[in-house]
Amino acid sequence: MIPLFRIDLPDNAAAFFGFLFPIAAFDIIDTGDFWDDTLSVSSPDALSENFDSVGFGTTYFLQNLGSMFFIMLYFPIMMIVGFIAGFFHKY
Amino acid sequence: MLIEAYTVLAVCAFINFAALEFVRGPDPAEDDEAGRRMQKVGRLADGGHSSDFSWGTTIVSCSAIAAMSFCIIYPFWTIWFMNKNFELIKSGDEEFEAKYGALWEGLRVDDNTTKSMFTYTFFFLFRRFGLGILTVVWRDTLFFQISGLIFCSIFSMIIVGQTAPLETRRDNNLEYFNEFMILSVMYTAICLTDFQPVEWIRVYTGSVMVIVDCIHIGVNLVLMFQTTINVSRLRFTRWRLWRKYAKVRGDRMLEFQKKNRHKTWVAETAKYRNKKQVNSKIHALQAIQEEGENEDIEYVPYEHGVAHRDHEIEDVSLQGEFSD
């Protein structure tokens, strides 16, 4: 998160953190185009260049979250499946 | 995983929130320009792109609001939940742990556990939420960004030092080390502000920052691999011993079978013979009963393994039994 600070980061450090961030953010697949096409929206620009450099290339939540959104879908889906399974288990 | 992803979730929600504005859709009752602004139903759109308003932007904005609500509620809910179920956590109830154990995974849970240790979990989450505030909301205020992170690290070190919340001493020391490295990076970041204007020093400071981060990541990776290798080595040793003694056990079993082969054969033969004998006796008795030639005959059910006339009792179940 260092590049998001309002410091004047030298190029060597900026490149290093830019490389690290996608790994730390679990952003495996680029889903920006998928969301743009599905929701029929054109993503606006990032808040600043700092945000753009670490992968927050827009202000839209789903586009920024990337593939992590699909990984996080696991929890609500499992809750729904558990609820349905519990409902049928009674009968 | 949700706890680890909390930082990115909070920052993404804050970014969308920072650009969010509430606009109102067109009102058919009021046709003029002022009427378009004053609408009955509020809608959500992103800042500066109101002209591109669509349901897509509304979905994105609503999901950001939901994520933000979750990020605000989650740390408080966590500490409330853990305090409420303190006795259950302390007792090590397996079913409860299987369901909610991820909340206190890695924390020391024993008889000396106190509620104050849960402040570590709360602060662990809350500082990530705070990071979202520092990077997005206070993105134009450098002083708050750097000092905020420095204070977060210091508070975290105090909590770890006072409560020693993690399972082992090594984990607690590693946590100290992590916080110290974050502090080092933040102190280095001070040299990348207007406080230090010389360009070549900035480049060197950047290199120092990269080196500190590499050491930080490297030490954590080495310790992680060390733990994995130790566990793998222990498992391999256990497997090797199991294999070794399995061979010994197999040899003993083979020897035993060779030694008792005759007895086994006799026992099996006797069992077979008894079964055949009992069946034939039952058939014979059934035949006698059906014919009604001898009314003194008493039929004993097969589960006793006995079929007899009342004057000749024979417990065939014991015949041919082999016990070592």
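**Exercise 1.** State which residues of α8(B) are buried, and determine what they pack against.

*Solution.* The model is a predicted one. Step one is to list the buried residues of α8(B): B:Glu175, B:Glu179, B:Ile182, B:Met186, B:Thr188 and B:Ala189. Step two is to find their partners, and the buried residues of α8(B) pack against α7 and α9 (199–259) of chain B. Step three concerns the length of the helix: α8(B) has 22 residues and reaches 32 Å from its first C-alpha to its last, close to the 32 Å expected at 1.5 Å a residue.

**Exercise 2.** Carry out the corresponding length check for helix α6 of chain A, and state how many of its residues are buried.

*Solution.* Helix α6 of chain A covers residues 74–90, which is 17 residues. At 1.5 Å a residue the helix should span 24 Å, and its end C-alpha atoms are 24 Å apart, so expectation and model agree. As for burial, the count of buried residues in α6(A) is zero, and the helix is hardly covered.

**Exercise 3.** Describe the secondary structure of chain A and of chain B, and give the share of buried residues in chain A and in chain B.

*Solution.* Chain A comes to six helices and zero strands, and its pattern along the sequence reads α-α-α-α-α-α. Chain B has 10 helices and two strands, arranged in the order α-β-α-β-α-α-α-α-α-α-α-α. Of the 91 residues in chain A, 30% are buried; of the 324 residues in chain B, 19% are buried. The next step considers contacts with a separation of 6 or more. In chain A, residues 24 or more positions apart account for 59% of these contacts, and in chain B such residues account for 57%.

**Exercise 4.** Determine how α1(B) and α6(B) pack, and which residues make the contact.

*Solution.* The geometry comes first: α1(B) and α6(B) pack at an angle of about 35°, with their axes 8 Å apart. The crossing of α1(B) past α6(B) is right-handed. On the side of α1(B), the contact is made by B:Tyr6, B:Thr7, B:Ala10, B:Val11, B:Phe14, B:Ile15 and B:Ala18. Residues of α6(B) that take part include B:Leu125, B:Arg128, B:Phe129 and B:Leu131. By class, the contact has 12 nonpolar, three polar and one charged residues.

**Exercise 5.** Describe the contact between the chains, and state which element gives the largest share of the side of chain A.

*Solution.* The contact takes 32 residues from chain A and 38 residues from chain B. On the side of chain A, the elements that give two or more residues are α1 (11–24), α4 (61–65) and α5 (68–72). The largest share, four residues, comes from α4(A). By class, this side of chain A divides into 24 nonpolar, six polar and two charged residues.

**Exercise 6.** Classify B:Ala164, B:Gln162 and B:Asn112 as buried, partly exposed or exposed.

*Solution.* B:Ala164 lies in the loop between α7 (142–163) and α8 (169–190) of chain B. B:Ala164 has 18 C-beta neighbours inside 10 Å and therefore counts as partly exposed. Its phi is near 40°, a positive value in a residue other than glycine.

B:Gln162 is found in helix α7 of chain B. Because B:Gln162 has 12 C-beta neighbours inside 10 Å, this residue counts as exposed. B:Gln162 and B:Ser116 are 46 residues apart in sequence and 9.4 Å apart in space, C-alpha to C-alpha.

B:Asn112 belongs to the loop between α5 (94–100) and α6 of chain B. With 9 other C-beta atoms within 10 Å, B:Asn112 is exposed. The C-alpha atoms of B:Asn112 and B:Lys90, 22 residues apart along the chain, are separated by 9.0 Å.

Definitions and conventions:
Residues are numbered from 1 along each chain as its sequence is written. Chains are lettered from A and ligands numbered from 1 in the order in which they are written. This is a predicted model: local features need pLDDT of at least 70, side-chain atom pairs count only at pLDDT 80 or more; totals for chains, interfaces and linings use all residues. Two residues are in contact if their C-beta atoms, placed from the backbone, lie within 7 Å. Ala, Val, Leu, Ile, Met, Phe, Trp, Tyr, Cys and Pro count as nonpolar, Asp, Glu, Lys and Arg as charged, and the others, Gly among them, as polar. A residue is buried if 20 or more other C-beta atoms lie within 10 Å of its own, exposed if 12 or fewer, and partly exposed in between; C-beta atoms are placed from the backbone. The expected span of a helix is 1.5 Å times one less than its number of residues. Axes are lines fitted to C-alpha atoms, for helices over the stretch in contact, and angles run from 0 to 180 degrees between N-to-C directions. A crossing is left-handed if the near helix is turned anticlockwise from the far one by less than a right angle, and right-handed if clockwise.
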